[in-house]
Amino acid sequence: MPGIVEYLILSAVLFALGLVGFLSRRNLIVMFLSTEVMFQGVVISAVAFAKFHRQMDGQAMGLFLLVIAAAEAGLALGMVVMLYKRRGTLDVDVWSSMRG
Amino acid sequence: MTPTTGHLLYLVFALGGVGVYLLLPKGRGSQVRAGAVLGGLALAALISVLATRIVVTNSTTAFFYVFSTIAMLGAVRVITHTKPVYSALYFVLVVISVAALLVLMQAEFLAIALIMVYAGAIMVTYLFVIMLAQQDTAPVCDRRSHEPFLAVLAGFVLMAAVAGRCGDLTTASGDTIAQASPTKATLVANVPESSDVGNTTAIGRAVMTRYIVAFEIAGVLLLVSMVGAIALAKKKLPTETVEEERTPIGQIGREVPPY
Amino acid sequence: MIEFLTSQFGVSAQFVVSVVLALVVIGAMQGGVAYCIYFERKISAWIQDRYGPNRVGPLGLLQPVADGVKFFFKEDVVPRHVDKVLFILAPGMIMFVSLIGFAAIPWGGQLQLGEKLVNIQVANPDIGLLYILGVASMGVYGVVIGGWASNSKYPFFGAIRATAQMISYEIPMGLCILVVVLTMGTLRLEDITQLQTGYWLGFIPQWNMFLHPLAFLILFICVLAEANRAPFDLSEAEQELVGGFHTEYSALKFGMFFLAEYGHMITSSALITVLFLGGWHLPWFSWTQPEATQWYAVVAKMGVISAKIVVFLFLMMWIRWTLPRFRFDQLMRLAWQRLIPVTLALFVLTVGLLYFGLHRSPVWALSGNAVIVVVMLVSAGTVGKEVTGRQPNLPRIQESPGAAALAGV
Amino acid sequence: MMRDEDILELKAPQLNPAERLFIPQILDGMKTTLVHLGKSLLTKPMTVQYPEERRTVRVDNYRGVHRLNRDADGRVACVACHMCSTACPAHCIHIEAAESPWDDREKYPVKFDIDELRCIYCGMCSEACPVDAIELTPDYDLVGRSRQEMILGKEELLSIFDKTKDVKPRKNPGITGYPGTGDKPKAIESSSEVPKQ
C-alpha cells in the first residue's frame, strides 16, 4: 500500500511541473493549463492528508479547490479571449509592453 | 553518512529537471530525444526509490504506480507540447489519472466531481478557446520557451525542499502522520475509515456542517466569476491589429474567359 | 461454477457476476446498437410510407451484418491534411465513452446465490449516478477532437457547435437529475430503483415520472441534445455541414461514430428508465418486485428494463423522423432562457418540499409542477421572445446597394 | 413604375402562448407520423419492389431503350438516311451507310450505334425516321458494366426488336414491309401516306 509520502511526492512533482510550465511557456492558454496541473497536485495532497488523517477536511478542501479552479478558468478564459481579440496572438510577451 | 532516500531523491529530481529542460520547446535545437531519455530515467528511478519503501504489495500499489506514472508523463507533455490542443488533451489525461488516484484513496465523490468539472466542463471550454484562437502555423510563442533554465531551476528547488522533508519522513518508522500527531481537525471531524457511511454522505456532512460558511462563499465566488466572465465577454473591444492589405478579388488567379 | 471460482481463486461472487454481466452487456449492446440502426431505418421508412431495408435476409433482418461487413471492408481514407493522431483517436474515444456508461445501470435487481445476494449490476458504487453523468460529460471529446483533427471547415463548425450545445444542455440535465436525487436521497441507482417500487393509493406505482413529470420531460429533451439526436443534431446537420464532425471519416471510423450515437441513446434511455420509470419494476407482477431474487425473476427484470429502454428508443426515433432541426440560436435560447429557469424552479420546489418533508408526496409535487407550468405559460405569453423567428442579432434587411453601385461603375 | 400603395408589407404572424410552448404542435406532428407508421404496418406501402414487381408502363408511348426494326423479311428496316442522327439533340447516334445489297433501297447501315448513356430519351429519332425503323421500346432497365457496353450496336438494337416486337408491335410495317421480291418500295415514294405525328 502506498503511504502518504508517495502521494505527497507525486503531488509535489505535479506542482513543480506546473510551476515550470507556468514560468517557461509563453502561450497564455498553456500557462493557464500549467496552473491547472498545479491544482491537480494540490488536490492529490489534500485528499492524501484526508485519507491518512482519517477525516474529511481534506476532501472538503478538494471540493473548494474545484470551485476555485472553475471560477478561475471562467474568468481567465474570458480574459484570454478578450486579449486575443485585441492583439490576435496568445503570446504573453506581446503584453509585456504594458510596463510602459 | 549513508545516503538516505532523501539524498537519492535529490539526484532523481535533478535528473528529471535536466530532462524537462531538454524537453521544453526551445525553437531549433531542442534535444527532445535526450530529454525524453533523461526524463524516463528519472521517472524509473523515482519509482524504484519509492518501491523500496513499499512493504505490502497489492493491486492498490500497482494501480498507484500505473496512474501516477500516467499523471506525471501527462503533466510533462502538458508543459512541453508545442500544440496547445495536445497540451489540453494531455491535461485531460492527467485529470483522469488523478481521479483514479483519488478513487484509490476512497474519495470517489471528489474523483467523479474532478472528472465532471475539469474534464467535462473546464477543459471543453479550454478546447473551445484554443480552437477559436488557432493559427495555421505554430506561432513563435509555442515554439520558444521563456527562460527555461531558470524555470526548471525554480521547480528543482521546490522539489528539493519537498524531497528533503520526505527523506526525513521516510526515516520515521510509522507510515502515517496521523499516528504520530493527531491534529485538532482529526479530533473534530473524525470519520472512521471503515464505516457504513458512504464517502458522498461523509463529504456532504463535512461540507454542510464544518465548512458551511466556506461553502456559501464558494457559491458566491462562482456567481461573481460568472458575472465577471459574462461582463468580459459582452464587452466590445476595438481590435488593434492592422488589417493586412488584401489583393482585390479580381486580381487573384488567372483571368478566365467566359464560356 | 461460481462456487468453484470463489473457493479456488478467492474472488467474490459479486466479482464473477460483474465480469459476466459486463461481457454480456457489452456484447448485447453491440448487437443492440446494430439493430437500432436497422430499426431506425425501418421506422423512418414506415413513417414515410415505404418498406425500408428488406433485401438482406428475411424482412431485412441481416441488414446490420451486411452493414458491418461493409464498414469493415470499405477503404479507410485518412485525408492528408488531418492531424493523424487525433483523427484516429477520436472515434475510439467516442466509442469507449459510449460503452463504459453501462457499468452503473442496475439491470436486474438482486440475485440469490447460495447464501449471498449479488447485484445484477457491473458496479454499484456510492456515486453511480454521478459516474454516469461524468462519463456523459466526456462524450463531447470524441466529437470535438474528431471535428478539430479533420482540419476542415464543416467538421470544425460541427465541433464548435457540439461543445456549446453539450455544455449548455448539461446544466438543465444535471438539475433534473438533482431533483430526483433530492427526492430519493441517494446516488445509488439500485437504491433509486428499489425506492420506486411502492404504490400510491394502492395502485399507482411510485415512479418518479408521476411525481415530477416536468423534470422527466426536460430530462428527456436534454438527453436528446446530449446524444446529438434530431431535432438537436446540429453538430452533424447534413444539409448545412455535410456531415458535421464526421464529414472526413469513412469506413470503420465512421461506423464507430455511428455506433457510438446509438450506444449513447441506449445508455441515456436506461438512465431515464432508472430515474423516472422505476427501472426493472413492473407493478403487480410478483417476479419484478425487489423481494424476488430467483434467477427467473432476474431474467424477468432484465426483460422489463429492456422493454422500457426500447420504448424510449422508439420515442427518440419517432421524434427524429417527425421534427425538423432547430436553428442554433433557437437551440441556445431553448436551453438558457427556457429549460434552465424551469429546472431551477423545479429544483427550488424540490428543496422546499424536502424542507417540509413532503418530497415524496405526489399531491404537493404535482401541484408544484402545475404552478411552474402555469407560470411558464404566462411568461411565455407575455414576456420574452419566442424561440422561433428571426435572429435578433442580424442586421435589418436593407435594399441592396449592389445594383446601383455597379451601375455607377 | 411601382407605387407605394402597391407594396404589401407582410409581417410574420405572432405566435400565441400555446404555440410558443411548441408542445401542441409537436404532439400534432407526432400524431401525423404515428398514423403513417401504423398505416404502413397494416397496409402495403405503395413502393414497387422493383426486380420482382415492375411498374406497368404505357407501351404505346413510353420512351425506353431504342430498337431497330426489321422488315417482314427480317432485314434491318433502316435505310441509312441519317435523319435520326441529324435530329438527335444529344448526338448519340452514329451511322455508317453502305450500298444496299437489296434492290428495294439504295443504302443500308453497316454500323448503327447508339450511345445509351448519352441519349436523353427524347424520341426525336423515331419522329424523324421516314421508314419508322427506329423506335423507343417500353424497356427501362438497361444496365451495363462499362461505358463501352452501353453503346449499343446494330445487332443489339435488332435483338431488342426481336425481344419486344410482341409487346409493342411495329408501327406501320407496311412502309418497308415488302416481301423481298424486288418490288419498288411504294411507301417511300408516296411518303405522304406516312401518318404524321
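Helices (H or I, at least four residues) and strands (E, at least two) are DSSP runs, numbered from the N terminus. Chain C has 15 helices and four strands. This is a predicted model, in which local features need pLDDT of at least 70, side-chain atom pairs count only at pLDDT 80 or more, and totals for chains, interfaces and linings use all residues. Residues are numbered from 1 along each chain as its sequence is written, and chains are lettered from A in the order in which they are written.

**Chain C overall**

Buried means under 20% relative accessible area, with a 1.4 Å probe and protein chains only. Of the 409 residues of chain C, 53% are buried. Chain C exposes about 18100 Å² (Shrake-Rupley method, 1.4 Å probe). Carbon and sulfur atoms supply 71% of that area.

**Two packed helices**

Two packed helices are described by the angle between their axes and the distance between the axes. Here the axes are lines fitted to C-alpha atoms over the stretch in contact, and angles run from 0 to 180 degrees between N-to-C directions.

| Helix of chain C | Residues |
|---|---|
| α6(C) | residues 153-184 |
| α9(C) | residues 213-226 |

Their axes come within 9 Å and cross at roughly 150 degrees. The two helices are therefore roughly antiparallel (over 145 degrees). Contact means heavy atoms within 4.5 Å. Residues making this contact include Met166(C) and Ile177(C) of α6(C), and Leu219(C) and Cys222(C) of α9(C).

**A serine in chain A**

Ser11(A) is found in helix α1 (residues 4-24) of chain A. Is Ser11(A) buried or exposed? Ser11(A) counts as buried, at 8% relative accessibility. Not counting residues up to four places away in sequence, Ser11(A) touches Gly41(A), Ile44(A) and Ser45(A).

Terms used. Heavy atoms only, no water. Buried < 20%, exposed > 50% of the residue type's maximum accessible area, 1.4 Å probe, protein only. Parallel < 35°, antiparallel > 145°, perpendicular 65-115°, else oblique.
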